Amino acid sequence: MTAINKTKVSFNASQLVAHRGYRSKYPENTKLSLLKAIEAGAIFIELDVQFSRDKLPIIYHDCNLLRVSGKNKPVFNINRSSLITETASESERLGQAFQLETISPLEDLVSILTQNPKVTAFVELKDESISHCGREEMIKKTAGVLYEVAENTVIMSFDYELCLKARDISWPQVGAVLETWSDLSSDIISQIEPDYIFVDQEMIPKDYDLNSCEVLQKSKLVAYEIDDIQTGRKLLERGVHMLETYEIEKFLGIP
(Lines give C-alpha, C1' and ligand atoms only; values in the text may rest on other atoms or scores of the structure.)
Protein backbone atom coordinates (compact mmCIF):
# COMPACT_ATOMS: atom_id res chain seq x y z
CA MET A 1 0.00 0.00 0.00
CA THR A 2 1.34 3.44 -0.95
CA ALA A 3 1.85 5.79 1.98
CA ILE A 4 -0.17 8.99 1.89
CA ASN A 5 1.81 12.21 2.33
CA LYS A 6 -0.14 14.20 4.89
CA THR A 7 2.23 17.16 4.87
CA LYS A 8 0.23 20.29 4.15
CA VAL A 9 1.95 22.43 1.53
CA SER A 10 -0.89 24.56 0.26
CA PHE A 11 -2.00 28.05 1.23
CA ASN A 12 -5.42 29.63 0.90
CA ALA A 13 -5.88 31.62 -2.32
CA SER A 14 -6.94 34.61 -0.22
CA GLN A 15 -3.40 34.72 1.21
CA LEU A 16 -1.65 34.87 -2.17
CA VAL A 17 -0.98 37.43 -4.88
CA ALA A 18 0.24 36.23 -8.28
CA HIS A 19 3.12 38.63 -8.97
CA ARG A 20 3.06 39.76 -12.61
CA GLY A 21 0.72 36.84 -13.20
CA TYR A 22 2.10 33.31 -13.32
CA ARG A 23 5.62 34.53 -14.00
CA SER A 24 7.56 31.38 -13.17
CA LYS A 25 6.13 29.62 -16.25
CA TYR A 26 4.88 32.40 -18.54
CA PRO A 27 6.08 35.82 -19.74
CA GLU A 28 5.42 38.37 -17.03
CA ASN A 29 2.62 40.93 -17.29
CA THR A 30 1.14 39.34 -20.39
CA LYS A 31 -2.52 38.52 -20.80
CA LEU A 32 -1.49 34.86 -20.93
CA SER A 33 0.40 35.07 -17.64
CA LEU A 34 -2.50 36.77 -15.86
CA LEU A 35 -5.06 34.30 -17.19
CA LYS A 36 -2.86 31.29 -16.34
CA ALA A 37 -2.52 32.59 -12.77
CA ILE A 38 -6.31 32.78 -12.49
CA GLU A 39 -6.64 29.35 -14.09
CA ALA A 40 -4.26 28.02 -11.43
CA GLY A 41 -6.54 29.37 -8.70
CA ALA A 42 -5.34 32.91 -8.01
CA ILE A 43 -7.99 35.36 -6.88
CA PHE A 44 -5.46 38.18 -6.49
CA ILE A 45 -3.17 39.13 -9.36
CA GLU A 46 -0.60 41.91 -9.67
CA LEU A 47 0.60 43.77 -12.74
CA ASP A 48 2.68 46.80 -13.65
CA VAL A 49 1.76 49.82 -15.74
CA GLN A 50 4.00 52.09 -17.81
CA PHE A 51 2.94 54.71 -20.34
CA SER A 52 3.62 55.05 -24.05
CA ARG A 53 4.83 58.08 -25.99
CA ASP A 54 1.21 59.16 -26.46
CA LYS A 55 0.66 58.74 -22.71
CA LEU A 56 -1.54 55.66 -22.84
CA PRO A 57 -1.20 52.83 -20.27
CA ILE A 58 0.40 49.48 -21.10
CA ILE A 59 0.87 46.42 -18.89
CA TYR A 60 4.65 46.38 -18.59
CA HIS A 61 7.25 46.54 -15.82
CA ASP A 62 10.33 48.13 -17.39
CA CYS A 63 10.67 51.51 -19.03
CA ASN A 64 12.91 49.92 -21.68
CA LEU A 65 11.95 47.08 -24.02
CA LEU A 66 15.27 45.22 -23.80
CA ARG A 67 14.72 42.61 -21.06
CA VAL A 68 11.18 41.56 -21.96
CA SER A 69 10.91 42.38 -25.66
CA GLY A 70 14.51 42.18 -26.87
CA LYS A 71 14.86 45.73 -28.22
CA ASN A 72 16.91 48.47 -26.60
CA LYS A 73 14.24 51.16 -26.86
CA PRO A 74 12.48 53.27 -24.19
CA VAL A 75 8.73 52.71 -24.01
CA PHE A 76 8.28 56.47 -23.64
CA ASN A 77 9.55 56.99 -27.21
CA ILE A 78 7.00 54.71 -28.90
CA ASN A 79 3.27 55.22 -29.45
CA ARG A 80 1.01 52.58 -27.93
CA SER A 81 -0.31 51.39 -31.30
CA SER A 82 3.23 50.25 -32.08
CA LEU A 83 4.08 48.99 -28.59
CA ILE A 84 1.21 46.51 -28.55
CA THR A 85 2.62 44.82 -31.66
CA GLU A 86 5.94 44.14 -29.91
CA THR A 87 6.62 40.72 -28.42
CA ALA A 88 6.60 40.37 -24.63
CA SER A 89 8.02 36.85 -24.74
CA GLU A 90 11.00 37.19 -22.35
CA SER A 91 12.95 35.00 -24.77
CA GLU A 92 16.22 35.25 -22.82
CA ARG A 93 14.52 33.65 -19.79
CA LEU A 94 11.91 31.44 -21.48
CA GLY A 95 13.30 30.70 -24.93
CA GLN A 96 11.19 30.92 -28.08
CA ALA A 97 7.98 29.38 -26.74
CA PHE A 98 6.01 32.61 -26.36
CA GLN A 99 6.97 34.70 -29.37
CA LEU A 100 3.32 35.40 -30.17
CA GLU A 101 2.68 37.03 -26.79
CA THR A 102 2.60 40.79 -27.24
CA ILE A 103 2.53 43.81 -24.95
CA SER A 104 -1.00 44.40 -23.66
CA PRO A 105 -2.84 47.69 -23.31
CA LEU A 106 -4.34 48.18 -19.86
CA GLU A 107 -7.76 47.64 -21.44
CA ASP A 108 -6.95 43.90 -21.55
CA LEU A 109 -7.23 43.85 -17.77
CA VAL A 110 -10.82 45.07 -18.03
CA SER A 111 -11.77 42.08 -20.17
CA ILE A 112 -9.93 39.70 -17.82
CA LEU A 113 -11.73 41.00 -14.74
CA THR A 114 -15.09 41.18 -16.51
CA GLN A 115 -14.73 37.48 -17.33
CA ASN A 116 -13.45 36.71 -13.81
CA PRO A 117 -15.50 38.93 -11.47
CA LYS A 118 -14.21 37.26 -8.28
CA VAL A 119 -10.62 38.28 -9.05
CA THR A 120 -8.98 41.44 -7.69
CA ALA A 121 -6.06 43.06 -9.52
CA PHE A 122 -3.31 45.12 -7.92
CA VAL A 123 -2.33 47.71 -10.53
CA GLU A 124 1.12 49.14 -9.81
CA LEU A 125 1.79 52.46 -11.50
CA LYS A 126 5.54 52.63 -12.10
CA ASP A 127 7.20 55.78 -10.89
CA GLU A 128 9.45 56.00 -13.97
CA SER A 129 6.39 57.23 -15.87
CA ILE A 130 5.94 60.27 -13.63
CA SER A 131 8.52 62.41 -15.40
CA HIS A 132 7.01 61.44 -18.75
CA CYS A 133 3.30 61.88 -17.96
CA GLY A 134 2.91 63.55 -14.60
CA ARG A 135 0.92 62.09 -11.74
CA GLU A 136 -2.39 63.71 -12.66
CA GLU A 137 -2.32 62.26 -16.17
CA MET A 138 -1.30 58.82 -14.94
CA ILE A 139 -4.19 58.62 -12.49
CA LYS A 140 -6.65 60.12 -14.97
CA LYS A 141 -5.75 57.69 -17.76
CA THR A 142 -5.65 54.66 -15.44
CA ALA A 143 -8.98 55.46 -13.84
CA GLY A 144 -10.49 56.18 -17.24
CA VAL A 145 -9.63 52.69 -18.44
CA LEU A 146 -10.50 50.82 -15.23
CA TYR A 147 -13.69 52.59 -14.12
CA GLU A 148 -15.86 49.63 -15.24
CA VAL A 149 -13.95 47.30 -12.93
CA ALA A 150 -13.03 49.80 -10.21
CA GLU A 151 -14.31 47.57 -7.42
CA ASN A 152 -11.98 44.79 -8.59
CA THR A 153 -8.82 46.89 -8.79
CA VAL A 154 -6.36 48.36 -6.30
CA ILE A 155 -4.30 51.27 -7.61
CA MET A 156 -0.86 51.19 -5.99
CA SER A 157 2.65 52.60 -6.32
CA PHE A 158 6.03 53.14 -4.70
CA ASP A 159 5.30 56.83 -5.22
CA TYR A 160 3.25 57.98 -2.25
CA GLU A 161 2.01 61.11 -4.02
CA LEU A 162 0.46 58.91 -6.71
CA CYS A 163 -1.29 56.94 -3.98
CA LEU A 164 -2.67 60.17 -2.53
CA LYS A 165 -3.97 61.21 -5.94
CA ALA A 166 -5.78 57.89 -6.23
CA ARG A 167 -7.39 58.69 -2.87
CA ASP A 168 -8.24 62.18 -4.11
CA ILE A 169 -10.40 60.73 -6.88
CA SER A 170 -12.04 58.39 -4.34
CA TRP A 171 -10.70 55.21 -5.93
CA PRO A 172 -12.28 52.35 -3.95
CA GLN A 173 -9.01 50.67 -2.91
CA VAL A 174 -5.47 52.02 -2.78
CA GLY A 175 -2.16 50.32 -2.02
CA ALA A 176 1.26 51.69 -1.12
CA VAL A 177 4.62 49.98 -1.63
CA LEU A 178 7.03 50.89 1.16
CA GLU A 179 10.34 52.47 0.19
CA THR A 180 11.68 51.90 3.71
CA TRP A 181 10.21 50.18 6.76
CA SER A 182 10.26 53.44 8.75
CA ASP A 183 7.75 54.87 6.26
CA LEU A 184 5.15 52.61 7.85
CA SER A 185 4.77 55.21 10.61
CA SER A 186 5.13 58.29 8.37
CA ASP A 187 2.59 61.08 8.02
CA ILE A 188 2.07 60.42 4.33
CA ILE A 189 1.17 56.75 4.87
CA SER A 190 -1.33 57.92 7.48
CA GLN A 191 -2.77 60.35 4.92
CA ILE A 192 -3.06 57.65 2.26
CA GLU A 193 -4.77 55.23 4.65
CA PRO A 194 -3.83 52.37 2.33
CA ASP A 195 -6.01 49.31 2.12
CA TYR A 196 -2.87 47.30 1.34
CA ILE A 197 0.78 47.90 2.18
CA PHE A 198 3.35 46.02 0.12
CA VAL A 199 6.85 45.44 1.50
CA ASP A 200 9.98 43.55 0.53
CA GLN A 201 10.17 40.60 2.93
CA GLU A 202 13.82 41.43 3.65
CA MET A 203 12.77 44.86 4.92
CA ILE A 204 10.64 43.56 7.80
CA PRO A 205 12.68 43.77 11.04
CA LYS A 206 13.19 40.33 12.58
CA ASP A 207 12.03 41.42 16.04
CA TYR A 208 9.11 43.65 14.99
CA ASP A 209 5.71 42.73 16.46
CA LEU A 210 3.44 43.06 13.42
CA ASN A 211 0.31 42.21 15.40
CA SER A 212 0.71 45.26 17.64
CA CYS A 213 1.27 47.73 14.78
CA GLU A 214 -1.58 50.26 14.73
CA VAL A 215 -1.29 50.93 10.99
CA LEU A 216 -1.65 47.24 10.21
CA GLN A 217 -4.92 47.05 12.11
CA LYS A 218 -6.47 48.92 9.18
CA SER A 219 -4.22 47.84 6.28
CA LYS A 220 -3.31 44.39 4.99
CA LEU A 221 0.43 43.78 4.85
CA VAL A 222 1.62 42.00 1.69
CA ALA A 223 5.20 40.66 1.63
CA TYR A 224 7.13 40.08 -1.60
CA GLU A 225 8.90 38.25 -3.30
CA ILE A 226 8.19 34.88 -1.65
CA ASP A 227 9.32 31.70 -3.38
CA ASP A 228 9.93 29.45 -0.38
CA ILE A 229 7.07 27.64 1.37
CA GLN A 230 8.59 27.73 4.85
CA THR A 231 9.44 31.42 4.57
CA GLY A 232 5.87 32.10 3.56
CA ARG A 233 4.47 30.17 6.51
CA LYS A 234 6.69 31.98 8.99
CA LEU A 235 5.68 35.38 7.62
CA LEU A 236 1.99 34.55 7.96
CA GLU A 237 2.58 33.30 11.50
CA ARG A 238 4.24 36.61 12.35
CA GLY A 239 1.23 38.61 11.18
CA VAL A 240 1.82 39.25 7.46
CA HIS A 241 -1.60 39.03 5.80
CA MET A 242 -0.67 38.06 2.23
CA LEU A 243 2.27 36.78 0.18
CA GLU A 244 3.19 37.93 -3.31
CA THR A 245 4.82 35.19 -5.37
CA TYR A 246 5.85 34.20 -8.89
CA GLU A 247 5.09 30.58 -7.91
CA ILE A 248 1.31 30.63 -7.56
CA GLU A 249 0.75 26.92 -8.28
CA LYS A 250 3.43 25.79 -5.84
CA PHE A 251 1.86 27.79 -3.03
CA LEU A 252 -1.59 26.45 -3.85
CA GLY A 253 -0.22 22.93 -3.62
CA ILE A 254 -0.74 22.12 -7.30
CA PRO A 255 1.88 19.67 -8.65
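Which elements make a right-handed β-α-β unit? Select strand E6, helix H8 (residues 160-168) and strand E7, which together make that unit; right-handed here means that, with the strands pointing away from the viewer, the path from the first strand over the helix to the second runs clockwise. Helices (H or I, at least four residues) and strands (E, at least two) are DSSP runs, numbered from the N terminus.

The model on screen is predicted, so local features need pLDDT of at least 70 and side-chain atom pairs count only at pLDDT 80 or more, while totals for chains, interfaces and linings use all residues. Residues are numbered from 1 along each chain as its sequence is written, and side-chain values use heavy atoms, with hydrogens and water left out.

Val-123 stands opposite Ile-155 here. E7 (residues 174-177) also pairs with E6 in the parallel sense, over three bridges, and there Ser-157 stands opposite Ala-176.

**Aromatic rings**

Now show the aromatic side chains, which form seven pairs in the structure; rings of Phe, Tyr and Trp (its six-membered ring) pair if their centres lie within 6.5 Å, and planes under 30 degrees apart count as stacked, over 60 as edge-to-face and the rest as tilted. Phe-11 and Phe-251 form a tilted pair, at 5.1 Å centre to centre with 45° between the planes. This pair links distant parts of the chain, 240 residues apart, with Phe-11 in the segment before strand E1 (16-19) and Phe-251 in helix H11 (residues 248-251). Both Phe-11 and Phe-251 are buried.

Move on to Trp-181 and Tyr-208, whose ring centres are 5.1 Å apart and whose planes stand at 85°, so the pair is edge-to-face. Trp-181 is buried, with a relative accessible area of 12%, whereas Tyr-208, at 30%, counts as partly exposed.

Finally, select Phe-44, Phe-122, Tyr-196 and Phe-198, which ring pairs link into a cluster.

Terms used
Pairing = 2+ DSSP bridges. Buried < 20%, exposed > 50% of the residue type's maximum accessible area, 1.4 Å probe, protein only.
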